[in-house]
Amino acid sequence: MTKRHGYALLAAVIAVIVVISAAIYVGVATDDGSQDTISAGARNPRNSADPASSGSWVGSWSASPAGAEPGTEQKGFAGRSLRNVVHTSVGGTSARITLSNLYGRTPLSVTHASIALASATNNPAAAAGTLRRLTFGGNTSVVIPPGQQVMSDAARLRVPHDSDLLVTTYSPTPSGPVTYHPHARQISYVAEGDRTEDQLGDAYTEQSPYWRYLTAVDVLSNETEGTVVVFGDSITDGISSTMGANRRWTDVLADRLRDESGAPHYGVVNQGISGNRILSDGRGNPAVNPSGLSRFDRDVLDRTGVKAVVIALGVNDILRNPHQNNPDRIIEGLRELTRQAHTRGLRVVGATLMPFGGHRGYEPALENVRQAVNAQIRSGSVFDEFVDFDRALQDPYDPRKLRGQYDSGDHLHPSDAGYRRMAQTFNLAHLRGTAAAAL
């Protein structure tokens, strides 16, 4: 071969490579995820777990697994689709979910799962063009052993902040009991058969006040710096807030963090469990309603992108039997939570315990314990910073009680107005800064 012919052959090869590279580039550049849409009745959508774009993973929504759902011990939800409705605190360009079989006694087989934007609030129908099939390690099915959890692959989906997502799972085989969060304050839906890829909500004829299996939704964000975890009991869980209206105090906190100038750009995840205590576990193994000390690793330290934690626990240690009559034990429990957070460099903001005068469990001796705990919190010796929910919501004429407009009626849990007052009281600047070395 002459040198001239060699150069010509080399040039031809380079030209072919350029053409192929250009075609690949155009194909990738024009793929915005729109082809990942699953229409109602479709059964072979393209896998949507494409490589995620740049950004940081942060928590947008979460709920603590709190126990085993009664009545699901034998069959679970075999042959049915569970469509959980959850509300985002921050948005992003991709999403991933975590499913838990913590309280299961047998392997949980999930053969299909999907994520979508809801077409409207409190509605099981997906917005057009948003339904994505979820994968797990590249597979559309996954088996979750008893006591374990699994995170999905990233699904390319533009998730808005302050919006409802539909996360649907289908399990064809019996598996129980079902791991659930019983006080969702949000209606979710159930359908017969595999309806994970249905855009329309017609098949979802059964309503549910629970979140099942789903424990977290993370998003990939270029705008959000991290996650703040709110760790608490029924007051954090929002047990008395309006159903389906997202009026928990953590929802209002998320609005403030997103909308107010100079606020930290954090997602907010709610790790409240109704009836939760700092020191005492519920019954069972694993424990139903595990103590704050035993679940702190799982529900705070293991959250995605966590930068700060808000701790609002202690009332149930005082009110529930057996009563904790020693305020020093409650304070030591709170200090231990702070120490654990500091080992990860997390900022800790703690809340004073709110009034419960007039509640059926009220006793003067228990009020004295509450006051002693609050005095220690206000001294600055427990947390990096504190928020004084007690003074913000108490009746000025009887500080042992909630102010009437902030009382849901049971003299323990706030009304919607009370939850809003809690969030408005919160100093957002307290979430910034480095954790103290020791307290």
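**View A. Strand β19 and its two parallel neighbours.** Strand β19 (residues 306-312) is largely enclosed by the rest of the structure, because six of its seven residues are buried; buried means under 20% relative accessible area, with exposed over 50% and partly exposed in between (1.4 Å probe, protein chains only). The model is predicted: local features need pLDDT of at least 70 and side-chain atom pairs count only at pLDDT 80 or more, whereas totals for chains, interfaces and linings use all residues. Residues are numbered from 1 along each chain as its sequence is written, and side-chain values use heavy atoms, with hydrogens and water left out. Strands (E, at least two residues) and helices (H or I, at least four) are DSSP runs numbered from the N terminus, and two strands pair if DSSP finds at least two bridges between them. Strand β17 (residues 226-232) runs parallel to β19 and is joined to it by six bridges; here Phe 231 stands opposite Ile 311. Strand β20 (residues 347-351) also pairs with β19 in the parallel sense, over four bridges, and Val 309 has Val 348 of β20 as its bridge partner.

**View B. An open sheet of six strands.** The strand order is β7-β6-β11-β3-β13-β14, and the pairing is antiparallel. At the edges stand β7 (132-133) and β14 (206-208), each of which pairs on one side only. Within the sheet, β3 (residues 80-87) and β13 (residues 188-192) form an antiparallel pair over four bridges. Leu 82 has Val 190 of β13 as its bridge partner.

**View C. Strand β1 and its antiparallel partner β16.** Five of the seven residues of β1 are buried, so that the strand is mostly covered. Six bridges link β1 to β16 (residues 214-221) in the antiparallel sense. The bridge partner of Trp 57 is Leu 220 in β16.

**View D. The largest pocket.** Its volume is about 360 Å³. A pocket is an open set of points on a 1 Å grid over the protein atoms alone, with protein on both sides within 12 Å along at least five of seven lines; lining residues have an atom within 4 Å of a point. Grid points are joined across faces, edges and corners, and a volume is the space filled by probe spheres set on the points. Of the 29 lining residues, His 87, Asn 246, Arg 248, Thr 250 and Asp 251 lie nearest the centre of the pocket. The elements giving two or more residues to this lining are β1 (56-62), α3 (249-259) and β18 (266-272). Helix α3 gives the most, with six residues. By class, the lining has nine nonpolar, twelve polar and eight charged residues; Ala, Val, Leu, Ile, Met, Phe, Trp, Tyr, Cys and Pro count as nonpolar, Asp, Glu, Lys and Arg as charged, and the others, Gly among them, as polar.

**View E. The largest cavity.** A cavity is a set of grid points where a 1.4 Å probe fits but cannot get out; a search of the whole structure finds three of 30 Å³ or more. The largest cavity holds about 100 Å³ of space. It is lined by 14 residues, and nearest its centre lie Ile 235, Ala 312, Thr 352, Leu 353 and Met 354. Ten of the lining residues are nonpolar, three polar and one charged.

**View F. The second largest cavity.** About 50 Å³ of space lies here. The lining includes Ser 62, Gln 149, Thr 215, Gln 271 and Arg 298. Two nonpolar, five polar and three charged residues make up this lining.
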